[in-house]
Amino acid sequence: MLAEIGFITMLLAFVACLYAIPAALYGARYNREGWVVSARNAAIATFPLLIISCGMLVIALMVGDYQINYVRSTTDPNTPDFYRFTALWGSQQGSLLFWSLTMSVFIMLAMLINWRRERRLMPYVIVYSMATLAFFLALSVFLENPFERVWFPANDTMAIQTKIANAVDSTFAPPNSEAPPQSLLANNAQGLNPLLRHFGMIIHPPMLYLGFVGFTIPFAFAMAALASGDLSTNWIRATRRWTLVAWLFLSLGLILGGRWAYDVLGWGGYWGWDPVENAALLPWLVGTAFLHSVMIQEKRGMLKVWNMLLIISTFSLVMFATFATRSGIISSVHSFARSNIGMPMFLFWAGITLVSVGLLVWRWNRGELRDEHHFTGWVSREGMFVLNNIIFIALTAAIFWGSFGAPISSVLFLDEEITLSTEYYMRVTPPLFAAMYLLMGVAPLTAWGATSLNRLGRSMIVPLSLTGFTMLAIMLFGVTAPVALLAYSVVILAGYVALYEIGRGVSARVKTRGENPLVALLTIFTRNRRRYGGYIVHLGIAVIGLGVIGSTLFQVERQQSLNVGDVMQVDADYQMRFDNMTDAIAEDGRLMTIADITVIRNGREVAQLRPRIDHFEQMPMTIAGAHSTFENDFYVLLIPSEEFTFTRATFKVYVNPLVNLVWWGGLILILGTIISTWPGQPRKVTSAARDQSAMPPTRPATANI
Amino acid sequence: MRHPIARRSSKFGSLFLMFSVIFAIVVVGAALLRQEQTVRAGHPVPDFTVNTFDGETISLDDLRGQIVVLNFWASWCAPCRDEAPELQYIHETYSQHGVIMLGVTYAESSAQNSINFIEEFGLTYPNGPDTGTRISRRYGITGVPETFIIDRDGNLAPGGYFPGPVNALDIIDVLDVLLASDDA
């Protein structure tokens, strides 16, 4: 029953999409309000339908309905309930259905929130968002059905082997068939991939999906603007918050993915420049560029074509990332799954990209996307945003080339797969990231229109001096490598400028209104969430930068075999003693080999760690033990090796300085994004206001953005 | 009325934009098509040369006239471990009938890993690395293990493609048909 209800509701959601598209188009074209409203209702209806569909799959997973192939391939009778639930996105079919569900949530919310204000855009928003949802549901209905069940021929005289050989897959019971015995099904259940049994992995995919799927809404609004001809800033006003929400989830997904890699993959790092990781980073980079450059259009009515192009590229990259990681076109350890959705995904990606770029080019050539102001000079807020965009696009291009461009074109033109290694990224991206940080340190101090270099220089005195003092302190601590000093200085400057801007906002209120500084701080954050939330995001990015520099440039790595009782000198401060080794069996039946070690810092015992190896169907998995302090992580791995006995083992130890700042910075970034996104801020950006704000050639640097 | 220069720049820009999009789509599409082209039964399989871990150079073309069981594997792949003794059994039993067992390793981080695997399972048939994944790409493999049985004329044998773990009995079924047709 579960499979039937799940499949039928999924099919109904698909039919609702197919109905909504022509209904919305017809209603918009011939001004038939009834049809548009009907299309909207169909769009909203996809959510309850998909909730039921996903609910059925979750129930099937929880109760262990192993006749459903998906349940059998992602859980087994030993799987704990928590992982039963999360198996919903543990493999291809379930994750596609879950993807559709998250998209229907976004679509429903957009319909409810934006319906009144953006009436002219909404029919086309329905068309684009429903087309995307219809495509993903078609994959689930026709190719990757999570409700497919296995059936045996109903013939009592047939031997079980013959039945197994003649088994068929179908959602509904075929004629003359019976369900296989439950015990046989349960014995053949496979359980969730052991690498995925980690808290970070449990919430990392949904966050990433929410980020990916979330960009559908701003994209649909942009396309609606192009299709309807309402090319004012309406679509930007309607989508700014949606873009931030998508960006927030994508950031969370990336950070959690890094944390998972750090905890589970056992190589002492959090970012491996794998094509699949990069695929998720690319839309983040272009989305970030969009979030900045869209402000130029709001304030100055410039870069209209460019902004459209950025949001189209963001969505196109989301689709490309999904296609590339699920089609097997790129060899990556992450994406090793045989899949027949490669071609349909390619066609959808190609189709939606061509149609949207085509629509953009059409409006552009009709002269409907003309800029309202001219560019006044590089030393201005808009100039800085343009530079910011150039850097983000350069980063995107470099990472795209390394992950997809080089491997794909080398296979095609040279008949040899050239895969670019971490070295390529470590050579190409640091200068671009440094330029990004430098810009973060300058741009917030410039004004719209133009700033004189003199004024800019004056406002930089405080942050620059603070940076200078901090750099002196860092040098006194013994950091002298020029690369490290340069890297730290740009990142620290960016952080100080963010704090300085907040400080200036507070002190202006304290001076003019005589407010208590704490009240002033609260007020500026309530009055201008977007701007000050943005500075908190900058601060978070700066803190992440400090963590990345520390853990990349100053990581210590040691590998050594030890006998029980031996002490290993790791660096000047740290020692490690190997105390004991034991075997244990986990809740889900895997055998674990656990080492007990003691971390000694400057002669004092500071922690007991238990790095271990999990043996899961002959696939060994090394689980690190880590001792975190503010300044570094002591990270130890038990290495499977031939001389492995209960009295002797090989350990690999990393000391990762400042790595915790990556996670703390991530939290700050999330906090800042939530502040920026939080509703309630009065919206005043109308065309008239924009013109007014643009009138004085030099506005003070504290002008609202 | 728009300034003629502005109009020209939008024309040039849009042409460039459309061209780039179409170019990207064509390149990705061609790569996808190429990847989806798998080897078909009854049709010639791609030729290749592999330098084995024993220092031999083996070219598939030179093996024409013999039946070849080509197996793609990796030391990090769990099903390959189940399969290795079965393949060694095929080698021991069928080499006297002119069947050549040949292993090609896929995406290994070091040759030493493959050599350790070969020693662990006592594999005596030739094995070599697929440097730059040239061979596996030509055969369109999407994972390891995958196995191909190639007849004496260099065509893929009917039923001779196994996109996943294989056991000796599956291989023997195909080999027996090929050997029987020799006798006939």
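This is a predicted model: local features need pLDDT of at least 70, side-chain atom pairs count only at pLDDT 80 or more; totals for chains, interfaces and linings use all residues.
Is R601(A) buried or exposed? R601(A) is buried, at a relative accessible area of 17%. The cut-off for that label is under 20%.

Side chains of opposite charge can pair when their charged atoms come close. Over all chains, the structure holds 20 salt bridges.

R601(A) takes part in one of them. Its partner is E631(A), with the closest N and O atoms 3.1 Å apart. This pair links distant parts of the chain: R601(A) sits in strand β7 (residues 591-601) of chain A, while E631(A) sits in the loop between β11 (625-628) and β12 (632-639). The two are 30 residues apart. R601(A) is buried, whereas E631(A) is partly exposed at 37% relative accessible area. Shared partners also join R363(A), R366(A) and E368(A) into one salt-bridge network.

## Two further pairs

E4(A) and R149(A) meet through their side chains in a salt bridge of 3.0 Å, N to O. Here 145 residues separate the partners: E4(A) belongs to helix α1 of chain A, and R149(A) to strand β1 (residues 149-153) of chain A. R149(A) counts as buried, at 6% relative accessibility.

R577(A) and E605(A) also meet in a salt bridge, at 3.1 Å, N to O. R577(A) lies in strand β6 (residues 574-585) of chain A and E605(A) in strand β8 (residues 604-609) of chain A, so the bridge ties together parts 28 residues apart in sequence. Both partners have intermediate cover. R577(A) is partly exposed, with 22% relative accessible area. E605(A) is partly exposed as well, at 47%.

## The sheet of chain B

Chain B has an open sheet of 5 strands with mixed pairing. The strand order is β5-β4-β3-β6-β7. Its edges are β5 (127-129) and β7 (156-162), each of which pairs on one side only. From one strand to the next, the twist averages 20 degrees.

Strand β3 (residues 67-73) of chain B pairs with two neighbours. With strand β6 (residues 146-150) of chain B it runs antiparallel, joined by 5 bridges. Within that pairing, V68(B) has I150(B) as its bridge partner. With strand β4 (residues 99-105) of chain B, β3(B) runs parallel, joined by 7 bridges. There, L70(B) is partnered by L102(B).

## Cover on β3(B)

How many of the residues of β3(B) are buried? The count is 7 of 7. The cover reaches both faces of the strand. One side carries I67(B), V69(B), N71(B) and W73(B). The other carries V68(B), L70(B) and F72(B). Each of these residues is buried.

Helix α3 (residues 111-121) of chain B has the buried residues S114(B), F117(B) and I118(B). Why do they lie on the same side of α3(B)? They cover an arc of only 100 degrees around the axis, which puts them on the same side. An α-helix has 3.6 residues a turn, so residues three or four places apart point the same way. The face of α3(B) turned away from the buried side carries E119(B) and E120(B), which are exposed.

## Surface patch on chain A

M1(A), I5(A), I51(A) and I52(A) make a nonpolar surface patch of about 370 Å². M1(A) lies in the segment before α1 (2-29) of chain A. M1(A) is exposed, with 68% relative accessible area.

## Positive phi and a buried methionine

Most residues other than glycine have a negative phi. W273(A) is not a glycine, yet its phi is positive, at about 55 degrees. W273(A) sits in the loop between α11 (234-265) and α12 (275-300) of chain A. W273(A) is buried, at 13% relative accessible area. L658(A) also has a positive phi, near 60 degrees. The place of L658(A) is the loop between β13 (648-657) and α21 (660-677) of chain A.

M111(A) lies in helix α5 (residues 92-114) of chain A. M111(A) is buried, with a relative accessible area of 1%. Between M111(A) and L671(A) there are 560 residues in sequence and 27 Å in space, C-alpha to C-alpha.

How values were computed: Residues are numbered from 1 along each chain as its sequence is written. Chains are lettered from A and ligands numbered from 1 in the order in which they are written. Side-chain values use heavy atoms; hydrogens and water are left out. Two strands pair if DSSP finds at least two bridges between them. Helices (H or I, at least four residues) and strands (E, at least two) are DSSP runs, numbered from the N terminus. Axes are lines fitted to C-alpha atoms, for helices over the stretch in contact, and angles run from 0 to 180 degrees between N-to-C directions. Patches are made of residues with over 30% relative accessible area and no salt bridge: like charges are joined within 9 Å, nonpolar side chains (Val, Leu, Ile, Met, Phe, Trp, Tyr) within 5 Å. Accessible areas come from the Shrake-Rupley method with a 1.4 Å probe; for residues, only the protein chains shown count as cover. A salt bridge is a side-chain nitrogen of Lys or Arg within 4 Å of a carboxyl oxygen of Asp or Glu. Buried means under 20% relative accessible area, exposed over 50%, partly exposed in between (1.4 Å probe, protein chains only). The arc is that of the directions from the helix axis to the C-beta atoms.
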